[in-house]
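Biologist: Please take a close look at one pair of packed helices. Then set the pair in its wider setting.

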Number of protein chains: 2
Amino acid sequence: MDNIKRVGLLGGGVIGGAWAARAVLNGMDAVVCDTDPEAERKVGEVIENARRAYSMLTIAPLPAPGTWRIVRTLEEAADGADFIQESLPEREDLKIRLLAQAETAMRPDVVIGSSTSGLLPTRLQSGLKHPERFVVGHPFNPVYLMPLVEVCGGEKTSDDTKQRAMAFYRRIGMHPLHVRKEIDGFIADRLMEALWREALWLVNDDVATTEEIDDAIRFGPGLRWAFMGTMLIYRIAGGEPGMRHFMAQFGPSLKWPWTKLMDVPELDTALLDKLCAQSDAQAAGTGIREFERLRDSCLVSIFQGLKANDYGAGRTLADYEKRLWSAQGRDAVAIAVKPEPLRLYEGRVEPGWLDYNGHMNESRYLQVFSTASDALLALIGADTDYVRRGHSFYTAETHIMHLNEMRANTPFHVTTQVLGADEKRLHVWQIIHRGDDGAVVATGEHMYLHVDAKAGRAAPMLPEVRDKLAPIVVAHAGLPRPDNAGRSIGMKRKG
Amino acid sequence: MDNIKRVGLLGGGVIGGAWAARAVLNGMDAVVCDTDPEAERKVGEVIENARRAYSMLTIAPLPAPGTWRIVRTLEEAADGADFIQESLPEREDLKIRLLAQAETAMRPDVVIGSSTSGLLPTRLQSGLKHPERFVVGHPFNPVYLMPLVEVCGGEKTSDDTKQRAMAFYRRIGMHPLHVRKEIDGFIADRLMEALWREALWLVNDDVATTEEIDDAIRFGPGLRWAFMGTMLIYRIAGGEPGMRHFMAQFGPSLKWPWTKLMDVPELDTALLDKLCAQSDAQAAGTGIREFERLRDSCLVSIFQGLKANDYGAGRTLADYEKRLWSAQGRDAVAIAVKPEPLRLYEGRVEPGWLDYNGHMNESRYLQVFSTASDALLALIGADTDYVRRGHSFYTAETHIMHLNEMRANTPFHVTTQVLGADEKRLHVWQIIHRGDDGAVVATGEHMYLHVDAKAGRAAPMLPEVRDKLAPIVVAHAGLPRPDNAGRSIGMKRKG
């Protein structure tokens, strides 16, 4: 599929425009047929959204973007295209008719993917001269980001067409799922639709509002569904005995009135055996404990990602952390100032912190130092409230020396020594210690500048902070100065 | 609820053990009643899992952990507890009987939360002397991480009980959702159960295997459900006209055979008006474009979080990036070596990169420098394949100077100047330039050491890399040396 240079898009709505974005950002030209007089603006907006998303998504080198244009006839979009994607309105008769019309301008070997979310490919291909080149490629909104594309052939679709479509979708960053049996709604939309119908009942019967229904998903099961489907989640819930144990425990509840939807399959031995065998195959020998750890790590990553967006479960985490920090603030006065480096932060190396060498990535070192510095600042009263009032410490300079490595889950702690301070500056020396063997992993030397954030310039610390900092400066003044403090980077040939 | 020091847990299985973990990690003592002779080991394992998860979850200062112990009678768990959580087997008669037994040892004002996933609180509280203190608090697996807890009172539950339970759950980091109407399965389980019943049909009818069903969720709609429920997702799909437009477009499909579950509510004007009014209230004035950007940012964060775990949609992204990098590798020979700093990386400040000052967080500076260095290393052939063969560059020292700030979405690029190199060392000077006004935001000076990763010590670069690096060193040798190269951090009082 590396030979696809131009994509012909039939329909330039939300779906068609987003296909255009995927193509253009992956270096292909897109020719989009749409008769909406505003199509140019609308597709442009979708592509701009996608560009913004990709700039956040990856730092890998995207190819030079392709070109795109709107045309008014299906034939213009089809002519010269190396791949066709159809995203016309969801009416079977209309799609059949317009596909036949567009085909007159296509090369006979070009694959046509259809974005239909549930119409049957055998019927959609029925008006084509070359039906073997037609296949469903059902994407999800936003198409430029969502990986899933359900690939489903009709009776006349060739295997070659399916393979070529899947290779194309994969090339533009998607995850093709082969739907082996033709069925209304394919797989994902059947599952979404079942949930949606139940949700409509809950609104209809005044059990819950739309917002409460959404909250029941996004603070709960939806968080797991981002990386594990219901089948694996239930297998894990079954504990070591797995799926069979889960079904023994919860199978009977299929008879309970837990949804409006009481037409359920008979849970006989045949279905049970099939479920368990498929679940075993899916687990592929991975044990429950390993899945549990993977589940927890994925959840933690998602919470942290959502925290960066201050949304949903991420906001729950942020609120929780705010309470923890302010509880510590209440205890801070209790910390005695002794003539030894402060130990304000300990943690473990997260699995997500590793680089391609399998060690903690260098930027995480600065994150660890920064966290320890924040703890020092919180200790002297330069906390979030202080920042909100317009005062803050900014980092002016940092010097890090890497002396050892840390792998995933290695425990560590940071010690902080104040080397000096004046009314505007705070000079700090930090050491990351490996928890298991006590080795010094890295040293960090930092110069912080106190600023008036509104004025955007250096300014003296407020007395409330200065007075808490002073006894620490005094207590640390007698500590030996670290050998490498004030060191500069340079290269001398050693011979 | 700050006065809760000890939690009594009735039942120490997967759910009860995880409640113990939440309590202990939040500084409360847990007394767990379970008659399983292995309860001590099992609960200990769950708490260890939770401890591992929390060490990754947050760097906020958790309180000193509480104690925990297993007891064999309900009365011992209830005696002296400030809050009771019941997680006994899911049998109504059993729960009613054991709750009444445990109550004999409780103070009369202590709240009892029940973990039942669907039994009705009015029935569960029927055997209690003080039924007003009983409320359902339905959590989700893993209870120590999942935010959602559905709080549902029975006919005799007091408002004070609901408020106290919600305050307790919130204190231990959860998101309580008040289920206002008592109903089998509450809200989340009704939605999960509808999806589950449809999934069982798909297996039963050989449409899809358990793995294919899971993939249809976790590469598709499940990714959105982690932060937005079906109702908001559909509102966004409706575009600017919102929910009413979506319902006009997709309402008719409720009559289509897209699930086995054909008992759907009549979509009359009353239901339609209610849906749209609730959806408007939920959106609270936020427009579609804003929701789209939020959706995309959350999706990007989730993809990146899952990439760190090399799982699901994160692996799709990693595979995509690998292809992009290797495509660049093929083009690398085309980059001409000129006597000017290399420009190998440009990007924008992600919204998730900000610190509490609203500026790019300091650790992100090192991340940006590190990414630019990786691009340099890829350029000279020290790529992932080189690393896999056991050779790599490790960072020995870094010196960063912060000269300006960057806010969210600020475009930037990095220039890279090679200051020197020998057989084992590479000395580099980098500048982050702000894209909008060209200001120098930060400088980075780095010393990289070439290592034999297996032997764990410095080793000469392989000729294939050295030969690509040499012409860059030569081309950069004539460039002026940056003023601040070799600078050390220090403090002299300016008076």
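Modeller: I start with the helix pair and then turn to the chains. This is a predicted model, where local features need pLDDT of at least 70, side-chain atom pairs count only at pLDDT 80 or more, and totals for chains, interfaces and linings use all residues. Residues are numbered from 1 along each chain as its sequence is written, while chains are lettered from A and ligands numbered from 1 in the order in which they are written.

In chain B, helix α11 spans residues 243-250 and helix α12 spans residues 269-283. Helices here are DSSP runs (H or I, at least four residues), numbered from the N terminus. The two axes come within 9 Å and cross at roughly 140°. Axes are lines fitted to C-alpha atoms over the stretch in contact, and angles run from 0 to 180 degrees between N-to-C directions. α11(B) and α12(B) are therefore oblique to each other. Oblique is what remains once angles under 35 degrees (roughly parallel), over 145 (roughly antiparallel) and 65 to 115 (roughly perpendicular) are set aside.

Which residues meet? From α11(B) come Met243(B), Arg244(B) and Met247(B). They meet Leu272(B), Leu275(B), Cys276(B) and Ser279(B) in α12(B). Contact means C-beta atoms, placed from the backbone, within 7 Å. The contact residues divide into five nonpolar, one polar and one charged. Nonpolar covers Ala, Val, Leu, Ile, Met, Phe, Trp, Tyr, Cys and Pro; charged covers Asp, Glu, Lys and Arg; the others, Gly among them, are polar.

Now the wider setting. Chain A has 17 helices and 14 strands (E, at least two residues). Its C-alpha trace spans about 90 × 55 × 55 Å along the principal axes.

Key:
Contact = placed C-beta atoms within 7 Å.
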